[in-house]
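Welcome to a short tour of one protein structure. Take a moment to look it over, and then let us walk through some of its parts together.

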Amino acid sequence: MQMTLYNTFDRTLEEFETLEEQVVSMYACGPTVYNYAHIGNLRTYLFEDFLRRVLEYSGFRVKHVMNITDVGHLTGDNDEGEDKMVKSSRESGKSVWEIAGFYTDAFFRDTKKLNIIPPTVACKATDHIQDMIKLIQRLEEKGHTYTAGGNVYFSIDTFPDYGKMAGLRLEELQSGARIEVDTNKRNPKDFALWFTRSKFENQAMVWDSPWGKGYPGWHIECSAMSMKYLGEQFDIHCGGTDHINVHHTNEIAQSEAATGKPWVKYWLHGEFLIDDSGKMSKSKGEFLTLSLLEEKGYDPLDYRYFCLGAHYRSQLQFSFDALDSARNARLNLLERVSDFLMQSEDRSGLQDQDIRKYISEKGKSLLARFQEYIGRDLNMPRGLSVLWKVIKDQDLQSDEKLLLIKEMDRVFGLSLLERASEERKGLEPETDAEVEILLRERSEARSVRDYSRADEIRDILQVMGIEIKDTASGTTWRKKV
Ligand code: AMP
Ligand code: ZN
């Protein structure tokens with residue numbers, strides 16, 4: 001399957017080619033675990049899951065690395081404010097380690113509920129301090145750093161390509177200096193690689209280093225951990241669009257300055273989920289979490305379906321009305337799949353067979369269209385429209401529909417067949433024999449054109465909560481939802 005992806009680095013759609021044949025090395029910036037993830041954060045992890053599933057569907061093996069930021073992320077991305085973990089610890093009275101453990105578990109619980117495939121490697125910043133120190137030393141040896149006020153900074157003037165991805169111009173950066181200025185910095189866009197006690201006296205997490213006891217800056221952790229697990233050059237780096245200007249710009253500068261080589265081939269960024277105020281932010285206090293949606297009666301997969309409805313490079317506005325529509329569409333989908341399961345004549349495990357051997361010309365062309373859409377920069381909404389075409393098609397048999405649905409759901413991750421058959425199992429009546437007797441009687445009545453008796457039996461079944469369907473191959477039944 002051919003794949004093109006939009007590379008933020010040069011703002012173009014590019015044919016996807018990996019460094020190593022059939023293997024994708026992919027790094028995704030993970031959560032800062034000082035609070036619950038909000039559903040905006042989760043949109044980004046869903047986008048990364050769609051990406052991974054499409055890559056795997058295309059036949060690649062994906063090595064997916066994600067960091068857990070449990071130290072070093074200040075309340076501002078530009079080294080302003082205090083450490084987010086420390087702030088949360090101070091406010092809650094719990095230790096930073098307790099906070100990190102609690103919210104890391106909560107994060108993985110949420111992603112599991114959303115059917116997000118766990119990363120191949122999930123690595124904590126606090127477990128990789130020595131890797132960060134080594135990387136800072138490498139930068140120091142090459143003359144890219146300076147120490148001021150006890151902190152070690154990266155000097156962006158030593159890296160002429162600084163800001164290329166974000167379209168920043170070096171000469172404008174000095175004059176365009178913004179907000180809170182760290183007077184230690186030679187250039188306001190320089191960034192901290194290592195903080196020592198000189199800046200934060202009461203930092204709870206500190207480590208020994210050649211520059212004194214302290215802790216790392218946020219950006220260095222992603223460079224150190226991605227290169228540790230994926231090598232000095234790898235295929236894909238992703239995150240939300242907010243990371244383009246500062247975090248990813250700084251990651252590129254320090255990684256390429258250290259190795260002297262181009263670092264990442266494809267940069268992919270997911271657009272934001274916004275609420276009616278235009279922003280979704282944790283700092284506002286109240287924010288939408290997956291648990292909150294569950295408390296309101298939604299299934300986490302309703303939110304997954306909702307996110308599938310928009311392209312990852314478009315902003316998506318959240319509202320409960322829109323989530324209701326997603327829920328209805330997903331339930332409708334399950335009901336249709338449940339019907340196909342009921343009608344399916346497959347008694348031979350056909351659903352477990354290789355789809356290409358069994359599929360009709362029409363099925364093949366629908367599948368080809370689906371692959372074309374998802375392969376073109378992950379156009380999941382268009383892919384979803386092909387799934388609905390399969391569902392509504394008049395010619396395809398139920399067995400074949402089920403094969404196609406199962407195939408497409410490898411990418412959508414909605415557990416369609418599993419959920420639909422679970423639903424059916426739960427609904428199977430205990431009164432099979434009784435239903436069968438009534439159905440036989442109804443069929444005999446119909447064969448002698450006694451339609452009033454046939455309708456009477458249908459009504460009796462209805463009262464029993466049994467829904468029947470007359471098909472060419474006979475009458476099928478199920479308990480109503
Ligand atoms: P954080 O835990 O704040 O480091 O953010 C985790 C991920 O969520 C990052 O990749 C951010 O870019 C992304 N993100 C933050 N806010 C939003 C939002 N409103 N919509 C989508 N992604 C977001
Ligand atoms: Zn990162």
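Is Q22 buried, exposed or partly exposed? Its relative accessibility is 41%, so Q22 counts as partly exposed: the value lies between the 20% and 50% cut-offs. Please keep in mind that this is a predicted model.

**Two residues with positive phi**

Q22 sits in the loop between β2 (12–15) and β3. Its phi is near 65°, which is a positive value in a residue other than glycine. Another residue of this kind is D377, where phi is near 55°. D377 belongs to the loop between α12 (361–375) and α13 (380–392). With a relative accessible area of 3%, D377 is buried.

**The protein as a whole**

The protein contains 17 helices and 15 strands. Of its 481 residues, 55% are buried. If you take contacts between residues at least 6 apart in sequence, 75% of them join residues at least 24 apart.

**A parallel sheet**

Let us turn to the first sheet of our tour. Five strands form an open sheet in the order β5-β4-β3-β10-β11, and their pairing is parallel. At its edges are β5 (121–124) and β11 (264–270), each of which pairs on one side only. From one strand to the next, the twist averages 20°.

Within this sheet, β3 and strand β10 (residues 234–240) run parallel and are joined by three bridges. Here A28 stands opposite C238 in β10. Helix α1 packs on the sheet and touches β3, β4 (61–68), β10 and β11, with its direction making about 155° with that of β10.

**An antiparallel sheet**

A second open sheet to visit has four strands in the order β6-β7-β8-β9, with antiparallel pairing. β6 and β9 (214–216) stand at its edges with a single partner strand each, so one side of each has no neighbour in the sheet. Direction ignored, neighbouring strands of this sheet are turned by 25° against each other on average.

As background, strands of a sheet pair through backbone hydrogen bonds, either parallel or antiparallel. The table below shows some of the facing residues in the sheets of this tour.

| Residue | Opposite residue |
|---|---|
| A28 | C238 in β10 |
| Y153 | A192 in β8 |
| F154 | F191 in β8 |

Which residues of β7 (residues 151–154) lie on each side? N151 and Y153 are on one side, V152 and F154 are on the other, and all of them are buried, leaving both faces of the strand covered. Helix α4 (residues 129–141) lies across β6, β7, β8 and β9, running at about 120° to β8.

**A buried helix and a zinc site**

Our last stop begins with helix α7 (residues 244–259). This helix has 16 residues and reaches 21 Å from its first C-alpha to its last, close to the 22 Å expected at 1.5 Å a residue. Because 15 of its 16 residues are buried, α7 is largely enclosed by the rest of the structure. Just after the helix, G260 takes a positive phi of about 75°.

Which protein atoms are donors of the zinc ion (ligand 2)? They are C29 (SG), C222 (SG), H247 (NE2) and E251 (OE), and they lie 2.1 to 2.7 Å from the ion. The angles among these four donor atoms are 69 to 131°, and the site is irregular. In sequence, the donor residues follow the spacing C-x192-C-x24-H-x3-E. C29 lies in the loop between β3 (23–28) and α1 (39–57), while H247 lies in helix α7, so the pair ties together parts that are 218 residues apart in sequence. Both C29 and H247 are buried.

Notes: Residues are numbered from 1 along each chain as its sequence is written. Chains are lettered from A and ligands numbered from 1 in the order in which they are written. This is a predicted model: local features need pLDDT of at least 70, side-chain atom pairs count only at pLDDT 80 or more; totals for chains, interfaces and linings use all residues. Side-chain values use heavy atoms; hydrogens and water are left out. The expected span of a helix is 1.5 Å times one less than its number of residues. Buried means under 20% relative accessible area, exposed over 50%, partly exposed in between (1.4 Å probe, protein chains only). Donors are N, O and S atoms within 2.8 Å of the metal (3.2 Å for Na, K and Ca); water is not among the atoms, so sites may look incomplete. Four donors count as tetrahedral if all angles lie between 85 and 135 degrees; four count as square planar and six as octahedral if opposite donors are over 155 degrees apart and all others between 65 and 115; anything else is irregular. Two strands pair if DSSP finds at least two bridges between them. Axes are lines fitted to C-alpha atoms, for helices over the stretch in contact, and angles run from 0 to 180 degrees between N-to-C directions. Contact means heavy atoms within 4.5 Å.
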